[in-house]
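Subject: Structure handover

Hello,

Here is the structure you were waiting for, with the sequence. My notes on it follow below.

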Amino acid sequence: MSKYFLLAFLFVGCCALNDRPIVGILFQEVDDEVKEYGESYLMSAYVTWVEESGGRVVPIKVGEDEAYYKDLFDKINGVLLPGGAVRIDNSAYEVAAEYLYKYAIKANDNGDYFPIWGTCLGMEELTFLTAKKDIMTQCSSENITVPLNFVRDFKESKLYKNAPEDAIRILKNEHVTSNFHTNCITPKVHENNYKLSNFYKILSTNIDRHGIEFVSSMEAYDYPIYGLQFHPEKNNFMFSTNKNIPHTYHAIRISQYFSNFFINETRKNNHKFPTIKEEAAALINNLRTIMLPPPAMHEDYFLPINKKSATETKSSFNDQFSLGTKKESLVSIAGAKSVAIWMGIAISCIVVIVLVLKIKTSHGKNTSEYVKLKSDETFLFGSNEQRSSLA
Ligand SMILES: *[C@@H]1O[C@H](CO)[C@@H](O)[C@H](O)[C@H]1NC(C)=O
Ligand SMILES: *[C@@H]1O[C@H](CO)[C@@H](O)[C@H](O)[C@H]1NC(C)=O
């Protein structure tokens, strides 16, 4: 009898969400503020922002060859393109983002749900990758906090559809979004760019110091791809004394709304590392941060850039992957997708049941990988090479 309960439980269990999602966050070339510490960096605020919602993080290095990005993509459950100051059309950050974006489009087209989140520069990079050109307008939005001006039907979007009333009320009325950008996408440019306007829906806009209207949040119509021009991770994790960053309870509430949303999306993906040992070794927890002195007061991760592959890796953007902006093709893609998803679920359930029955009959001699891992203490602290590069 209990056997059947177990089977029923597993049948549900095998199709459930992935509750151990891992997000890849892209590093970028250092800017003036942090150049003395290393060659590429990542602000730890992005990492903790993912972690606060139950995600774990692996660093994605810049300047690697395509094989590195492809390999990593198949092991992670989502990508975060962070803010920063590199070029969106010509940087190691752009080359890496382009690979990841291309794989994500392909994965989603094949029914493999894979989310991408772009914050500030990350959102700008997403528009570059879709429009295939730099469509930025200069704007003056450094150090300002603004309530969002939602578009009329924003409640129909994936990003805001299930948002609690209080979150929407705060976003609509309070100065909780931190803006630190000198470039922006205007609704006019968005509308006039066929590729962009067919791919992304504008969800909210804001006005810069000189009256220029810019897109402040957007999402792809047919892909789990999202962009925010402001910085939700700064509210709870960045306390620079020279910056206008709200840390009120309401500001934190909003930040957590967005991280919960994004990590929910990553739970719908089932990529994984082949072994727990490889997973643990890849996590950013093996690296150490450096705390910048006041007024910056932020923590960052630093990694060297593999120079050789950086020069070999040339951005090769071509039209071979069509982004399917035509409605008709999207309908058929969506249909094929759901059939594929259901077949996948059915097959994986059968596999799990067979495996469980096998394990049950051969109990006893089960040395789990995790137990082995725990005794192998050295790797937990990263290799010597990693540590010295961070010193
Ligand atoms: C940003 O705004 C804050 C608060 O309004 C202000 O104290 C700070 O000096 C500003 N920083 C810069 C760099 O303008
Ligand atoms: C995340 O998912 C849970 C359960 O699946 C849901 O209750 C919650 O509202 C979602 N949160 C957000 C912010 O989307």
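Strand β11, residues 213-220, is mostly covered, with seven of its eight residues buried. Please keep in mind that this is a predicted model.

On one side, β11 pairs with strand β10 (residues 200-207) in the antiparallel sense, over seven bridges. Within that pairing, Y200 has A220 of β11 as its bridge partner. The two strands β10 and β11 make a hairpin with five residues between them. In the turn of that hairpin, G211 has a positive phi of about 85 degrees.

β11 also pairs with strand β12 (residues 225-228), again antiparallel, through three bridges. Here E219 stands opposite Y226 in β12. β11 and β12 form a hairpin as well, with four residues between them.

Next, the sheet that contains β14. Four strands make up an open sheet in the order β2-β3-β14-β13, and their pairing is antiparallel. The edges are taken by β2 (28-29) and β13 (290-291); each has a single partner strand, so one side of each is left without a neighbour in the sheet. Helix α2 (residues 44-51) packs on this sheet and touches β3 and β14. The direction of α2 makes about 45 degrees with that of β3.

Some detail on the pairings in that sheet:

- Strand β3 (residues 40-43) is joined to strand β14 (residues 299-303) by four bridges.
- S40 has L303 in β14 as its bridge partner, and Y41 has F302 in β14.
- β13 and β14 run antiparallel and are joined by two bridges; M291 stands opposite E299 in β14.

β14 itself is mostly covered, since four of its five residues are buried. As a general point when you look at the strands, side chains in a regular strand alternate between the two faces of the sheet.

Which residues touch the most other members of the largest nonpolar core? That core has 85 residues, and those with the most contacts to other members are I25, L26, Y46, A96 and L100. Helix α4 (residues 92-109) gives the most to this core, contributing 11 residues. Taking A96 as an example and leaving aside its neighbours within four places in sequence, A96 is in contact with L26, I60, V62 and Y69.

Last, the ligands. What lies around each of them? The residues around ligand 1 are N143, N242, K243 and N244. By type, this shell has three polar residues, one charged and no nonpolar. Ligand 2 is surrounded by N162, Y257, N260, F261 and N264. The shell of ligand 2 divides into two nonpolar residues, three polar and no charged.

Regards

Technical notes: Residues numbered from 1 in each chain as written. Chains lettered and ligands numbered in written order. Predicted model: local features only at pLDDT ≥ 70, side-chain atom pairs only at ≥ 80, totals over all residues. Core = buried A, V, L, I, M, F, W, Y, C linked by C-beta atoms within 7 Å. Buried ≥ 20, exposed ≤ 12 C-beta atoms within 10 Å, placed from the backbone. Contact = placed C-beta atoms within 7 Å. Pairing = 2+ DSSP bridges. Near = placed C-beta within 6 Å. Nonpolar A, V, L, I, M, F, W, Y, C, P; charged D, E, K, R; others polar. Axes fitted to C-alpha atoms, helices over the stretch in contact; angles between N-to-C directions.
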